[in-house]
Amino acid sequence: MKRRDEVLVGLLLIVAVTVGVAGTVWLARGGLSSGYEMYVRFPWGAGLKNGQPVLLAGVNIGFVKAVKLDPNGTLVVTLAINNEYQVPEGTTAAVAPNGIFGDQLIALQPERAVTTYMARGDTIPTGKGTPTTGELLAKGDSIAKDVEALTGALRTEFVDGGGIANLRQVTADMAKLVTQLGTIAEAQSVELTRTQRQLRSTLAAIDSGTVDSTLRAFQTSATNVAAVTEELRHAQTQVRSILEKLDNGTGTAGKLLNDPGVYARLDTLLLRLDSLAADVKANPRRYINLRVF
Amino acid sequence: MPLIATWRALGKGTRAVLREIGAHGYYLRDIARAISETDTWPRETIRQMRVIGVESVLLTIIVAAFLGGVTAFQTRFQLFPGVQLSAVGLIARQSIVLELGPLLTALVLTGRVGARMTAEIGTMRVTEQIDALETLAYDPVAFLSLPRLLAGLVMLPALVMLANVAAIGSAWLTLILATDVRTVDFVDGLRIAFIPFQVVYSLIKATAFGGAIAFVCSYQGYIAQAGAEGVGKATARAVVITSVAILTLDAIVAAVFAPFVQA
């Protein structure tokens, strides 16, 4: 019994010590193989603590192993980098916020894609970090001043310059206009309703049989008109042919109209008829020898 | 007249407190003297280490597992949007290692081990077994109190170490199974601002609590009044006093060592 107690107690103590030591080492150093060390010197590192992550291009490659203040006033940060990762040449380190509640991380930013790497134990140069709270406050202060100037200008324009009064007047006018438009629209709506009702009653009154017969009469008339038109076209052609003959002097009528000789002979004939008429008038007995019995 | 009565009551209470402190001081002196009785206490110490430590492992781990899981789960859902998830690991580790691990383990063991200790010694007192030991020239303090005190001082830190590991393991398991926290977030959080002294701080508390449990409970058993009722009263008083002592020591250790656990 005594020996069994000793074994159990000893086993428990060994397990507890092993677990405790192993857990502590794992948390503090990242395991028995804690990778290799690299260093960064920061002029300012508020919030930096050991255990905070080290990111290379956003990938977690290690953690902060120690943060010590150098007598020369700079902060020496020891980074524990996992053995499987290397830091490319030209990489710069910066303290970056991790979340919004003041936690920090070390951001390693490679300058470009290279195949040469910094040696283990090197000091990584510092780069431009993210804005500090002071810088953000200064920026916010600047923005606030701009907003204040803008507010002043707006006040001058709208309050002192009477812009708001104009806006109110415009708004009132717009309201009035909208009211008028509403009235017009209402009246138009009534008129349209009435017209629609009349149209509907008119359409209802039209007898479809009458419409059909009327359409058929229209069709017959149109056919007749087409025949008349054809006949007129034929007559026009004939008239044009006659006129062409007259104009060309073809035929009796054409020659009568166009031949100067005919004209001369007619003229002579008329003259002779005149002289004949005069002679008849003067000497009727020469021509008219009327005897009764 | 009431003033005189109040004054007398105050004086009586003060005397009682001073008498208790003095009695504890004598008891502590007897324990210190008993260290020289090397033929008596080492063997019993091993047995008490088994009783206090080995037999409490399962209970301690179960309590710690629930403690870690609930702590991590609640922490995750109390985070404001935008807070990095690694904060869960950080808060869980700090809560468990610095406070809840040692404190809850000690309070649980007060019920399980302390009460048993008081009942055992108290029963021996009321059945005059302690008087018999004295008659046989055995130092009862060397046989009963010193082994329990040493066992408490040694085994509580061991149990707290196991409890811390079990709680953190349970927290990790709970987070990856029941929440959106990933292993990498949790491990990152565990490592943030960790310094080995935080584990030492946890062990300091555990040692203090272990000593308090063994000392107070064995003393209350040692002075138990006759009868079963006396043992029962002694046991109840031991649990109450030990619990208050543990919380008081917790505050004292925090006040003294808290500045050193900051990374």
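**Entry 1: S202(B)**

I began with S202(B), whose side chain reaches the backbone oxygen of V97(B) at 2.9 Å. The side chain of S202(B) also makes a polar contact with the side chain of N164(B), at 3.1 Å; a polar contact is a pair of N or O atoms within 3.5 Å, where within protein one must be able to donate a hydrogen and the other to accept it, and residues adjacent in sequence count only if both atoms are side-chain atoms.

I note that this is a predicted model, in which local features need pLDDT of at least 70 and side-chain atom pairs count only at pLDDT 80 or more, while totals for chains, interfaces and linings use all residues. Residues are numbered from 1 along each chain as its sequence is written, chains are lettered from A and ligands numbered from 1 in the order in which they are written, and side-chain values use heavy atoms, with hydrogens and water left out.

I placed S202(B) in helix α8 of chain B, residues 197–222; helices (H or I, at least four residues) and strands (E, at least two) are DSSP runs numbered from the N terminus. S202(B) counts as buried because its relative accessibility is 0%, the cut-off for buried being under 20% relative accessible area (1.4 Å probe, protein chains only). Leaving aside neighbours within four places in sequence, I found S202(B) in contact (heavy atoms within 4.5 Å) with V97(B), P102(B), V160(B) and N164(B).

**Entry 2: chain A against chain B**

I looked up the interface next, where 29 residues of chain A are in contact with 32 residues of chain B. The two chains bury about 2600 Å² between them, 75% of it on carbon and sulfur atoms; buried area is the accessible area (1.4 Å probe) that two parts lose on being put together, summed over both. Of the area that chain A buries against chain B, V9(A), L12(A) and L27(A) supply 22%, more than any other three residues.

Across this interface I found 1 salt bridge, that is, a side-chain nitrogen of Lys or Arg within 4 Å of a carboxyl oxygen of Asp or Glu. The side chains that meet in a salt bridge are those of D5(A) and R50(B), at 2.4 Å, N to O.

**Entry 3: nonpolar cores**

I then turned to the largest nonpolar core, which has 68 residues, with Y27(B), I52(B) and F186(B) among those with the most contacts inside it. Such a core is a set of buried Ala, Val, Leu, Ile, Met, Phe, Trp, Tyr and Cys residues joined through side-chain atoms within 4.5 Å. Helix α6 of chain B, residues 140–178, gives the most to this core, with 19 residues.

Terms used:
Buried means under 20% relative accessible area, exposed over 50%, partly exposed in between (1.4 Å probe, protein chains only).
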